[in-house]
Amino acid sequence: MTKSYSHFCWRCGTIVQRVVEKPKKRVFCKECSELHDEERKEILDKYVDLKIEVMYDRALRIMEYSNKVNMSKYLDSAELVHDMAIDNPNKFGSSYEMIAAIILVGNGIRCQMQKRVGRRRVDILLPDLKVALEIDGQLHEFKVKKDSAREIDILNILNEEDSGWEMIRIPTKYIDMNPEMLPKAISAMYKYKQKIRNNNGGFIPMNFSKTATVAQLKATEGIKDYEDFSKELYQEGLDEYLHKEL
């Protein structure tokens with residue numbers, strides 16, 4: 001005969017018999033176990049909904065605090081992003097991804113959020129621009145090697161069917177400074193990376209000039225158009241960031 005041990009139900013305190021003397025998990029009676037599972041699901045659902053609302057509110061506040069964005073321009077795209085997040089909570093990993101989606105969609109750029117590419121996942125895929133966009137937080141600087149291998153895998157797959165794809169990385173601190181410039185930043189960085197590839201047999205060399213990076217970005221659409229862009233994005237060292245990543 002199998003020996004059983006008495007334990008208190010964590011919920012109602014009644015005695016429950018188990019064959020394990022020292023259980024590693026909480027013990028519930030049958031009725032309490034079912035109630036516990038139901039309540040846990042309700043709590044998780046509320047948590048997910050609340051998390052989305054907090055992320056969304058933070059995204060809008062970051063846009064406002066930059067003092068660079070005409071918020072009325074993005075009312076429709078913001079509502080669209082909010083609805084998308086409610087329908088699929090896994091579409092956005094951060095408030096900054098929400099900001100990027102709001103700005104890009106508001107400027108007529110088609111976005112695919114958290115898009116799987118092979119066994120990898122991209123923050124935002126921009127199929128019309130042939131850009132795999134990554135929004136990098138502060139932790140990114142501690143995983144450069146890992147991200148480099150990931151970037152190679154993603155670009156190999158994307159360029160297999162349709163050449164010309166690039167991965168563009170935007171640090172969150174530059175979104176803080178001026179979210180409105182995101183589409184121009186993506187366009188400028190894409191064009192520069194393509195030029196470097198064309199001049200180097202399809203590869204981006206490790207020893208390119210970071211001074212040339214800034215000059216090329218300014219010249220992509222004309223210095224006048226990029227005057228504010230340069231001041232807002234490069235004064236803190238985006239040229240250095242680009243040098244490291246490319």
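**Exercise 1. Work out how α1 and α3 are oriented to each other.**

Step 1: Take the angle. In this predicted model, α1 and α3 pack at about 60 degrees, with their axes 8 Å apart. Axes are lines fitted to C-alpha atoms, for helices over the stretch in contact, and angles run from 0 to 180 degrees between N-to-C directions.

Step 2: Angles under 35 degrees are roughly parallel, over 145 roughly antiparallel, 65 to 115 roughly perpendicular, and the rest oblique. α1 and α3 are therefore oblique.

Step 3: List the residues in contact (heavy atoms within 4.5 Å). α1 brings Ile52, Met55, Tyr56, Arg58, Ala59, Leu60, Ile62 and Met63, while α3 brings Ser95, Tyr96, Met98, Ile99, Ile102 and Ile103.

**Exercise 2. Describe helix α1 and its buried residues.**

Step 1: Find the helix. Helices are DSSP runs of H or I with at least four residues, numbered from the N terminus. α1 covers residues 30-65, which is 36 residues.

Step 2: Check its span. From first C-alpha to last, α1 reaches 52 Å, close to the 52 Å expected at 1.5 Å a residue; the expected span is 1.5 Å times one less than the number of residues.

Step 3: Look for buried residues (under 20% relative accessible area, 1.4 Å probe, protein chains only). Among them are Cys32, His36 and Ile52. The buried residues of α1 pack against α2 (75-87), α3 (95-106) and α5 (172-177).

**Notes.** Residues are numbered from 1 along each chain as its sequence is written, and side-chain values use heavy atoms, leaving out hydrogens and water. Local features need pLDDT of at least 70, side-chain atom pairs count only at pLDDT 80 or more, and totals for chains, interfaces and linings use all residues.

Technical notes. Helix = DSSP H or I, 4+ residues; strand = E, 2+ residues; numbered from the N terminus. Buried < 20%, exposed > 50% of the residue type's maximum accessible area, 1.4 Å probe, protein only.
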